[in-house]
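Please walk through this model, starting with its open space and then turning to a helix and the ring contacts.

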Amino acid sequence: MGNELKQIQTISILGGTGKEGKGLAFRWARAGYKIIIGSRSLEKAEAAVRDIHSYLPETASIEAMLNADAASAGDVVVLTVPFAFHREMLNSVKPQLQGKILIDVTVPLVPPKVTRVQMPSAGSAAQEAQQILGEAVQVVSAFQNISYENLLTQEDIDCDVLICGSRKAAREIVLNLVKAAGLVGWDAGPLENSVVVEGLTSILIGINKQFGVKSSGIKITGVSGAGKID
Ligand SMILES: NC(=O)c1ccc[n+]([C@@H]2O[C@H](COP(=O)([O-])OP(=O)(O)OC[C@H]3O[C@@H](n4cnc5c(N)ncnc54)[C@H](OP(=O)(O)O)[C@@H]3O)[C@@H](O)[C@H]2O)c1
């Protein structure tokens, strides 16, 4: 696999022009990673790069590319598109992702009933991604419970990140990227567990609606010192 953390310098975000993708790009660019914003439109990606740059020092490294080029260029690739385009997007970049870690942020929401958990036949969006991409790609799911409203700020985020994936080494790499983004992460076990994490998002959207807020979250409690950012 060759995906040692020390080798991860470039993070590509497919659909990075959107709300969640721009927020993650900001957090990782702030931490010093080279970021590539992927899009179906180079012009749209360039506009997103200008937007993210406005939150950061000039030295931040953010580049615009078409999705397939971004998938080729990233040491790690992150997917942030609506679930309706999840399968189509993964099929379109499958060759470029071989041998890499894909961080899948997708929540399989089916509008209009987004407060109801509705999983795809594969079990979860992350398992669907693994089925589409094959075993040579290490799919790790994360960030599904982090509202974009929280990401594009300098503030600490009052929501933990649960990380699921088939291989512990890949989960550890993503755990370090979660910490780099300024968040508390937890190894939440195999990819099959992603159904719980993805489902939690519908519950949080429902709580947001009940209380008129935009970013309710979850915290793991009772584990003194563990999972904290160093
Ligand atoms: N928003 C949140 O707070 C949040 C929180 C947790 C998880 N998530 C998950 O993160 C993912 C992205 O959410 P978002 O709110 O960032 O979505 P979004 O802003 O609505 O869309 C993200 C990007 O998806 C791309 N896209 C749209 N239609 C497409 C198509 N037909 N084919 C390929 N790409 C297409 C667009 O990029 P281009 O037009 O540039 O190609 C768009 O900028 C979702 O799966 C969501 O469930 C979101």
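The largest pocket is lined by 42 residues, and Lys19, Glu20, Thr80, Val81 and Pro82 lie nearest its centre. On a 1 Å grid over the protein atoms alone, a pocket is an open set of points where a 1.4 Å probe fits, with protein on both sides within 12 Å along at least five of seven lines; lining residues have an atom within 4 Å of a point. Two or more lining residues come from each of α1, α3 (67-73), α4 (86-97), α6 and α8 (194-211). Helices are DSSP runs (H or I, at least four residues) and strands likewise (E, at least two), numbered from the N terminus.

This is a predicted model: local features need pLDDT of at least 70, side-chain atom pairs count only at pLDDT 80 or more, and totals for chains, interfaces and linings use all residues. Residues are numbered from 1 along each chain as its sequence is written, and side-chain values use heavy atoms, with hydrogens and water left out.

α8 has 18 residues and reaches 26 Å from its first C-alpha to its last. Its buried residues (under 20% relative accessible area, 1.4 Å probe, protein chains only) include Val197, Glu198 and Leu204. Just after α8, Gly212 takes a positive phi of about 65°.

Two aromatic pairs are found in the whole structure. The rings of Trp28 and Phe143 have centres 5.5 Å apart and planes at 85°, so this pair is edge-to-face (centres within 6.5 Å, planes over 60 degrees apart). Trp28 lies in α1 (residues 19-30) and Phe143 in the loop between β6 (138-141) and α6 (148-151), so the pair ties together parts 115 residues apart in sequence. Trp28 is buried at 0% relative accessible area, and Phe143 is buried at 1%.

How values were computed
Rings of Phe, Tyr and Trp (its six-membered ring) pair if their centres lie within 6.5 Å; planes under 30 degrees apart count as stacked, over 60 as edge-to-face and the rest as tilted. Buried means under 20% relative accessible area, exposed over 50%, partly exposed in between (1.4 Å probe, protein chains only). The expected span of a helix is 1.5 Å times one less than its number of residues.
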